[in-house]
Amino acid sequence: MFKALIIDKAQDGSITQSIEQIAENRLPEGDVLVDVAFSTLNYKDGLCLTGGGGLVRTYPHVPGVDFAGVVAESSDARFAAGDPVVLTGWRVGEAHWGGYAQRARVKADWLVPLPKGLTLRQSMAVGTAGFTAMLAIMDLEAHGLKPGDGPVLVTGAAGGVGSVATAILARLGHEVVAVTGRPETEGYLRDLGAARIVPRADLAE
Ligand SMILES: NC(=O)c1ccc[n+]([C@@H]2O[C@H](COP(=O)([O-])OP(=O)(O)OC[C@H]3O[C@@H](n4cnc5c(N)ncnc54)[C@H](OP(=O)(O)O)[C@@H]3O)[C@@H](O)[C@H]2O)c1
């Protein structure tokens, strides 16, 4: 038995959330069983937890779009018990039970080994949102962006993806112009390294 955050749909259509003891045979099929150590709180998790966006089709459901943990059992040659692993994406936490549980069973194809130099906790501090920000920056670099080329505009700068993008771009030496609809986040954005703050309304003009 292990603990999981279960969301369910009541007869009146309302969504309930509760932490329950779950038997292992209730986990969905998969070839790797993982002892989950950390997961993040992503925007999509908020939607799943409250029944928004129609992301969850089958109840009861375990949300959590990502997780980091240690392999408990594996029938796939790529992973063995004791391996530290990370999962992001693949509609885990939406179409498949996710990381808000002490254990998860998933396809081996969805897992990657924990990158060297990162702890499980650090990998989830980056999380799916931070990973998305990095992928976007790598794409900009692939298109030739270099520090010194000029200001880089980050929209939704105080959000999950935007704040990590702001921090990484600034650390790489770019002049970051952060667009936000929340003036109260100016100090936060400057701490992340934004050189200039542009109110969202100004950008829309
Ligand atoms: N999070 C992920 O893992 C992930 C993965 C793939 C793709 N994405 C996509 O990346 C985008 C950002 O996701 P997120 O997780 O960072 O969401 P988030 O934390 O909710 O941040 C979104 C930000 O967008 C800004 N915003 C809100 N309403 C807006 C409006 N009407 N016009 C312009 N900007 C507005 C806000 O920025 P301010 O607070 O600065 O005003 C808000 O914080 C979304 O399009 C999402 O689908 C996210």
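This is a predicted model: local features need pLDDT of at least 70, side-chain atom pairs count only at pLDDT 80 or more; totals for chains, interfaces and linings use all residues.
Biologist: Which atoms of Arg-200 and Gly-160 lie by an oxygen atom of the ligand?
Modeller: For Arg-200 a polar side-chain atom lies 2.5 Å from a ligand oxygen. For Gly-160 the atom is a backbone N or O, 2.8 Å from an oxygen of the ligand. The protein buries 50% of the 880 Å² that the ligand exposes when taken alone, by the Shrake-Rupley method with a 1.4 Å probe; for residues, only the protein chains shown count as cover.

Biologist: How many residues surround the ligand, and what puts a residue in that shell?
Modeller: The shell has 16 residues, with Val-161, Thr-180, Gly-181, Arg-182 and Arg-200 the closest. A residue is near a molecule or strand if one of its heavy atoms lies within 4 Å of it. At least two shell residues come from each of α2 (120-142), α3 (160-171) and β9 (176-180), and α2 gives the largest share, 3 residues.

Biologist: How is the shell around the ligand divided by class?
Modeller: It has 6 nonpolar, 8 polar and 2 charged residues. Ala, Val, Leu, Ile, Met, Phe, Trp, Tyr, Cys and Pro count as nonpolar, Asp, Glu, Lys and Arg as charged, and the others, Gly among them, as polar.

Biologist: Why is the pair of Trp-90 and Trp-110 called what it is?
Modeller: A search of the whole structure finds 1 aromatic pair. The ring centres of Trp-90 and Trp-110 are 6.5 Å apart and the planes stand at 20 degrees, so this pair is stacked. Rings of Phe, Tyr and Trp (its six-membered ring) pair if their centres lie within 6.5 Å; planes under 30 degrees apart count as stacked, over 60 as edge-to-face and the rest as tilted. The pair links distant parts of the chain, 20 residues apart: Trp-90 is in the loop between β5 (84-88) and β6 (103-106), Trp-110 in the loop between β6 and β7 (111-113).

Biologist: Is Trp-90 buried or exposed, and what about Trp-110?
Modeller: Buried means under 20% relative accessible area, exposed over 50%, and partly exposed in between (1.4 Å probe, protein chains only). Trp-90 has 52%, so it is exposed; Trp-110 has 13%, so it is buried. Arg-91, in the loop between β5 and β6, has 41% and therefore counts as partly exposed.

Biologist: What is noted about phi in Trp-90 and Arg-91?
Modeller: Phi of Trp-90 is near 60 degrees, a positive value in a residue other than glycine. Arg-91 is not a glycine either, and its phi is positive at about 60 degrees.

Biologist: How do you know that the peptide bond from Tyr-59 to Pro-60 is cis?
Modeller: Its omega is near -5 degrees. Pro-60 lies in the loop between α1 (43-50) and β4 (66-74).

Biologist: What counts as a helix or strand, and how many are there?
Modeller: Helices (H or I, at least four residues) and strands (E, at least two) are DSSP runs, numbered from the N terminus. The protein chain has 5 helices and 10 strands. Of its 205 residues, 40% count as buried.

Biologist: Where do the domain bounds come from, and how far apart are the centres of domain 1 and domain 2?
Modeller: The bounds come from an automatic or database domain assignment, with domain 1 at 2-118 and domain 2 at 145-204. Taken over C-alpha atoms, their centres are separated by 32 Å.

Notes:
Residues are numbered from 1 along each chain as its sequence is written. Side-chain values use heavy atoms; hydrogens and water are left out. A polar contact is a pair of N or O atoms within 3.5 Å; within protein, one must be able to donate a hydrogen and the other to accept it, and residues adjacent in sequence count only if both atoms are side-chain atoms.
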